Amino acid sequence: MLTLQPEIVQQYVETGQMQLIFWPVINHGNPSVAATVTLECVAQQSFEMAWDLHLLLFQNVPRLYTATRDDFINYATQVGAEQATFEACYDGGEAVELVLGLDQIRRERGIRGQPYFDVNGTVLAGTGQLLDTIAAEAE
């Protein structure tokens, strides 16, 4: 998805033909929860910063398994998040409840891995047919 995202955003999201919605997949225990909460708290400040953070987190996946609260604060501030606002969100508990609730819905829908895409009800596992499916729906 990281390689397809710019094309999808440019051709379909920026033209108003579709929305791109990020849905968390918590499949690596507490490190996934912490990373997803970090993403949610940054997204509350700016969606653009959240996508930058998404890329930064993927670039640092091996480090996330042992990351501390301070590491996640560092990732958030690297993309421009205001630290005090981020920390209040990260420590507040509401973001944890939100991402765990979204993850439960994902599991109930039978989605066990990533990436998965829902294009107007057509659920795709992986990116193989994604652009063709989006193009067909946009017509």
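**Helix packing and the disulfide**

Analyst: Helices α2 and α6 pack with their axes 9 Å apart and at an angle of about 135°. Helices here are DSSP runs of H or I of at least four residues, strands are E runs of at least two, and both are numbered from the N terminus. This is a predicted model, in which local features need pLDDT of at least 70 and side-chain atom pairs count only at pLDDT 80 or more, whereas totals for chains, interfaces and linings use all residues. Residues are numbered from 1 along each chain as its sequence is written, and side-chain values use heavy atoms, with hydrogens and water left out.

User: What makes α2 oblique to α6?

Analyst: Axes are lines fitted to C-alpha atoms, for helices over the stretch in contact, and the angle between N-to-C directions runs from 0 to 180 degrees. An angle under 35 degrees counts as roughly parallel, one over 145 as roughly antiparallel, 65 to 115 as roughly perpendicular, and the rest as oblique. The angle for α2 and α6 is about 135°, and α2 is therefore oblique to α6. Their crossing is right-handed, a term for a near helix turned clockwise from the far one by less than a right angle, anticlockwise being left-handed.

User: Which residues make the contact of α2 with α6, and how do they divide into nonpolar, polar and charged?

Analyst: Ala34, Val37, Thr38, Cys41 and Val42 of α2 meet Phe86, Cys89 and Tyr90 of α6, where contact means heavy atoms within 4.5 Å. These residues divide into seven nonpolar, one polar and no charged. In this scheme Ala, Val, Leu, Ile, Met, Phe, Trp, Tyr, Cys and Pro are nonpolar, Asp, Glu, Lys and Arg are charged, and the others, Gly among them, are polar.

User: How do you know that Cys41 and Cys89 form a disulfide?

Analyst: The definition asks for a pair of cysteine sulfur atoms within 2.5 Å, and the sulfur atoms of Cys41 and Cys89 are 2.1 Å apart, so the pair meets it. By this rule the count comes to one disulfide. Cys41 lies in helix α2 (residues 30–43) and Cys89 in helix α6 (residues 83–92), so the bond ties together parts that are 48 residues apart in sequence.

User: Why is the disulfide of Cys41 and Cys89 called left-handed?

Analyst: The torsion about its S-S bond is about -80°, and the disulfide of Cys41 and Cys89 is left-handed for that reason.

User: Are Cys41 and Cys89 buried or exposed, and how do you know?

Analyst: Buried means under 20% relative accessible area, exposed over 50%, and partly exposed in between, with a 1.4 Å probe and protein chains only. Cys41, at 2% relative accessibility, therefore counts as buried, and Cys89, with a relative accessible area of 15%, is buried as well.

User: What makes α2 roughly antiparallel to α3?

Analyst: The axes of α2 and α3 come within 7 Å and cross at roughly 155°, and because that angle lies over the cut-off for roughly antiparallel, α2 is given that name relative to α3. The contact is made by Ala35, Thr38, Leu39, Val42 and Ala43 of α2 and by Phe47, Met49, Ala50, Leu53, His54 and Leu57 of α3. They divide into nine nonpolar, two polar and no charged.

User: Why is α3 called oblique to α5?

Analyst: The axes of helix α3 (residues 47–59) and helix α5 (residues 69–78) come within 9 Å and cross at roughly 135°, and α3 is therefore oblique to α5. The crossing of α3 and α5 is right-handed. Leu53, Leu56 and Leu57 in α3 meet Phe72, Tyr75, Ala76 and Gln78 in α5, and the residues of this contact divide into six nonpolar, one polar and no charged.

User: How are Ser32, Ala43 and Asp52 classed by relative accessible area, and why?

Analyst: Ser32 lies in helix α2, and its 10% relative accessibility makes it count as buried. Leaving aside neighbours within four places in sequence, Ser32 is in contact with Ile26 and Asn27. Ala43, also found in helix α2, counts as buried at 18% relative accessibility. Asp52 lies in helix α3, and with a relative accessible area of 40% it is partly exposed.

User: What makes Gly93 partly exposed?

Analyst: Gly93, found in the loop between α6 and α7 (94–108), has 25% relative accessibility and therefore counts as partly exposed. Gly93 and Ile105 are 12 residues apart in sequence and 19 Å apart in space, C-alpha to C-alpha.
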